[in-house]
Amino acid sequence: METTRVVVAGAGIGGLTLGIALARAGVTVDLYERADELREVGAAVALSANGSRQLYRLGVGEALDAVSTQPTELIYRDGRTGARIAAHPGGASYRARHGAPYWGVHRVDLQQTLAAAFVGAAGAEHLHLGRAVAGVDAERGALLLADGTEAVGDVVVGADGVHSLLRDAVTGPGTGPTYTGTSGFRGLVPVDALPSLPDPRAIQFWAGPGAHLLHYALGRDDDTVNFLAVLCGPATWQGAQREAPAGELLEGFAGWHPAVREMLAAVPQSARWPLLSQEPLMRWTRGRLALLGDACHAMLPHHGQGANQAIEDAVALARLLTEHDAATALAAYPRERRARTRAIAASAWDTGTLLHLDDDHPRIAERDERFAGYLPDHAWVHDFDAATTTSTGRAPLRSVTHSRGALPA
């Protein structure tokens with residue numbers, strides 16, 4: 001069947017990227033989003049070269065350059081002493097090495113930029129806000145909308161996130177992501193409120209027993225730092241994010257470096273939210289329906305690859321749909337994407353374990369060695385080009401060492 005119309009559930013990063021790519025290739029595409037306005041959940045997103053090179057190809061690179069920050073370095077530190085464990089060049093050096101920039105960007109700036117590009121390519125009438133999806137008929141290619149209407153296409157795409165409604169139609173119930181035993185707090189802090197922070201324009205991981213802190217600068221003027229503070233526990237979790245007792249975040253980082261505690265105390269404590277990870281799915285498609293991004297491969301954020309993999313999925317699926325008939329494209333799509341996303345998710349899981357080791361843990365020397373080799377060892381992530389099929393984009397076998405039988409500790 002020839003692809004003439006695609007309907008997409010979700011107008012997040014993956015859905016918008018897919019919409020832009022298809023519209024610019026001449027395919028009619030409609031995006032259905034439950035929110036009345038586009039307002040991404042979360043403060044910020046990191047985009048590495050494997051994602052940013054695709055956004056340049058889609059014509060939004062320059063606009064995102066204008067609202068993003070390029071970290072000066074990637075630094076790993078001891079969370080309590082502040083000592084550098086390892087560092088890798090960022091900025092122009094990273095861009096020259098990998099052929100595209102590394103960006104720290106507000107999610108709202110990213111989504112608004114993508115939305116404007118989609119409207120410019122497809123027309124405002126193809127972005128349907130306030131249109132919640134209630135279900136799907138995968139065989140007919142129909143999105144069933146909450147208002148009782150339906151949207152029918154040659155292909156339907158579930159880009160509806162980690163709590164995807166459409167996933168069950170592909171995989172059956174009970175196959176969604178699970179709680180990893182770790183949880184996080186987010187915050188945005190003015191740089192001026194962080195006098196103790198070394199290298200404020202770098203992306204930095206502070207590693208320590210049972211916890212870690214990730215932060216990077218944001219915005220047009222590098223004047224804000226976005227952080228994600230991760231703690232092991234609680235052992236179980238039900239539901240979505242929840243309010244935490246006052247002081248719980250700082251208590252989890254007791255005895256850590258003053259710059260860490262200064263950052264965490266600089267803004268009101270956020271809600272605490274579970275970190276989820278998706279066991280590899282055997283199916284990504286059924287009938288005329290395909291899944292994309294977190295709907296099929298939600299992963300821990302410790303490589304900053306969630307948004308980048310959604311962008312890669314979108315570019316690959318759009319390419320396949322424009323090069324082949326829909327049935328052939330949907331058959332090829334998971335074959336092309338599954339191994340790579342599994343490898344990245346596995347590596348992110350193992351990184352989470354390394355970030356939380358006790359000082360006397362037998363893997364400490366391995367941790368330091370892995371952090372020292374991070375960018376060279378993960379060139380397969382950053383150099384990958386989803387717009388072509390010239391590279392497998394798979395990890396070297398030695399890079400995938402995690403076991404999903406145990407939670408990060």
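Two strands count as paired if DSSP finds at least two bridges between them. I start from that definition and apply it to a predicted model.

**Entry: a sheet**

I looked up how strands S8, S9 and S10 are arranged. They form an open sheet of three strands in the order S8-S9-S10, and the pairing is antiparallel. I then asked which strands lie at the edges. Strand S8, residues 133–137, and strand S10, residues 150–152, are the edge strands, each with pairing on one side only. I noted an average twist of 20° from one strand to the next.

**Entry: S8 against S9**

How many bridges join S8 to S9? I found four, with S8 and strand S9 (residues 142–145) running antiparallel. The two strands pair because the definition asks for at least two bridges. As a general point, strands of a sheet pair through backbone hydrogen bonds, either parallel or antiparallel.

**Entry: a cis peptide bond**

I checked omega between Gly233 and Pro234. The peptide bond there is cis, with omega near -5°. I placed Pro234 in the loop that lies between strand S15 (224–232) and helix H7 (248–252).

**Entry: a positive phi**

Next I looked up Asp199. Its phi is near 50°, which is a positive value in a residue other than glycine. Where does Asp199 sit? Asp199 is in the loop between strand S12 (178–190) and strand S13 (203–208). Is Asp199 buried, exposed or partly exposed? I recorded Asp199 as partly exposed because its relative accessibility is 29%.

Notes: Residues are numbered from 1 along each chain as its sequence is written. This is a predicted model: local features need pLDDT of at least 70, side-chain atom pairs count only at pLDDT 80 or more; totals for chains, interfaces and linings use all residues. Side-chain values use heavy atoms; hydrogens and water are left out. Helices (H or I, at least four residues) and strands (E, at least two) are DSSP runs, numbered from the N terminus. Axes are lines fitted to C-alpha atoms, for helices over the stretch in contact, and angles run from 0 to 180 degrees between N-to-C directions. Buried means under 20% relative accessible area, exposed over 50%, partly exposed in between (1.4 Å probe, protein chains only).
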